[in-house]
Amino acid sequence: MTAVAEPAAVLPLIVIRGESAGPLFIVVAGVHGDEYEGPQAIWEVAQGLPPSSLHGTLLALPVCNPWAFAAGLRSTPDAMDGANLAREFPGALEGSPTQRLARALLEFVLKLKPGLFLDLHSGGTRYSFLPVVGYRGGLGNEDRSRAAARAFGLSALWEMADHRGTFNSETARKGITTVGVEMTGAGGCRREDVAANREGMLNLMRWLGMLRDHPAPEVLGPFRRTTDVLAPVSGFVVPHQAVGGRVEAGDSIARIHSSLFGEIVAEVKAPHAGEVWAMRHLRAIQQGEIITSIARPVGAETDR
Ligand SMILES: [Zn+2]
C-alpha cells in the first residue's frame, strides 16, 4: 500500500483521440490561476473537434493549478504553500503541495513524449501583455520549436530566455518541441485572445499533420528578445506607453507615485529602443517587480 499525499489535486484532463493514427499534441493552461484565455480556448476547441477529422491525439490540461484557479490567484493560496507553480518545475516528490504537483505534471508529460507541447499563459490580473508566441532559446530542439512558433499564427514572435522553474523550460530542456503563448490578461479574458488561442491550437495541429483541412501559416517576422524593467521602488503605477507601441531609448514608460499622497517617486525609462510587450496593469507594485518588458529583434542588442 502506498500513502496518499495530501491535499489531492483534482486535475481536468481532456483527450480527443482521432480515428486515424498520428502524433500526440499536449496543450496545457492554467499554470497560473488568474489566466483565463487558455482554459476557455481549450474547452472550446475540445467541444468543436470531431475525432473523425483528426489524425493522432489531442491531450489537454486546461487547469494545471486547480488550487490557484479556484481562488482566482496566480499562485497556490498561502494557506497551502503560496508557491508559484511556474517556479517549481521540475518539482519534488517529497516537497510542498505545489512542488509535488509540478513533479506529477512534468513526469506525466515526459512519459507520454508528445510530438509538441504548448503552454498557454497571459498577463493575468497584474499585467497587460501583447499577444505573442515563442520558444525557449538555447534549449532542446530549437529549430523545430521555432518552426512550430511560426505556425501558431500570431505576428509577434518571441525568443524567450531559459527560465528555470517554468513548465515549458523543463519540457524544452528534455528535448520536447515546446511553444509558449502570452495573451493580454489585464484582469480579463478578451474574446479575440480566446479566438487567437483556438486558431493557434488548430494551426499547430495542421503543422503536425493532425488536421489536413489546409496548411498551417508560416509567420516570417523576426523573433524578438525582451528586457524586463523592474520597479525601483514600491508604489502606484501610471503607465505612459501603450502595449504594442514603440519607444526609443530613454523614453518615459511609466511613473511610480507614492501610494499615500500621490507624489512622483520614480520615473521609469526605456533601457533601449523597441516595442512595449508588457505593462503593469495592477496599479499597486512592489519594488523589484516587473513594470514593463521591451522587445527588440534578436541581434539588435548592440544597437544604440
Ligand atoms: Zn502565466
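## Strands around E16

In this predicted model, Met279 has Thr292 of E16 as its bridge partner. Strand E14 (residues 274-280) pairs with E16 in the antiparallel sense, over 4 bridges. Strands here are DSSP runs of E with at least two residues, numbered from the N terminus, and two of them count as paired if DSSP finds at least two bridges between them.

E16 (residues 290-297) also pairs with strand E9 (residues 223-230), again antiparallel, over 7 bridges. Arg225 sits opposite Arg296 of E16.

## The open sheet

Then there's an open sheet of 4 strands, ordered E13-E12-E10-E15 with antiparallel pairing.

E15 runs antiparallel to E10 (residues 235-239), and 2 bridges join them. Gly235 faces Ile285 in E15.

## Two domains

The chain splits into domain 1 (14-207) and domain 2 (224-298), with bounds from an automatic or database domain assignment. Their centres, taken over C-alpha atoms, are 27 Å apart. Domain 1 puts 14 residues into the contact and domain 2 puts in 12; contact here means C-beta atoms, placed from the backbone, within 7 Å.

On the domain 1 side, strand E5 (127-129) and strand E7 (157-160) each supply at least two of the residues that touch domain 2.

## Ground rules

Residues are numbered from 1 along each chain as its sequence is written. The model being predicted, local features need pLDDT of at least 70 and side-chain atom pairs count only at pLDDT 80 or more, while totals for chains, interfaces and linings use all residues.

Definitions and conventions. Two residues are in contact if their C-beta atoms, placed from the backbone, lie within 7 Å.
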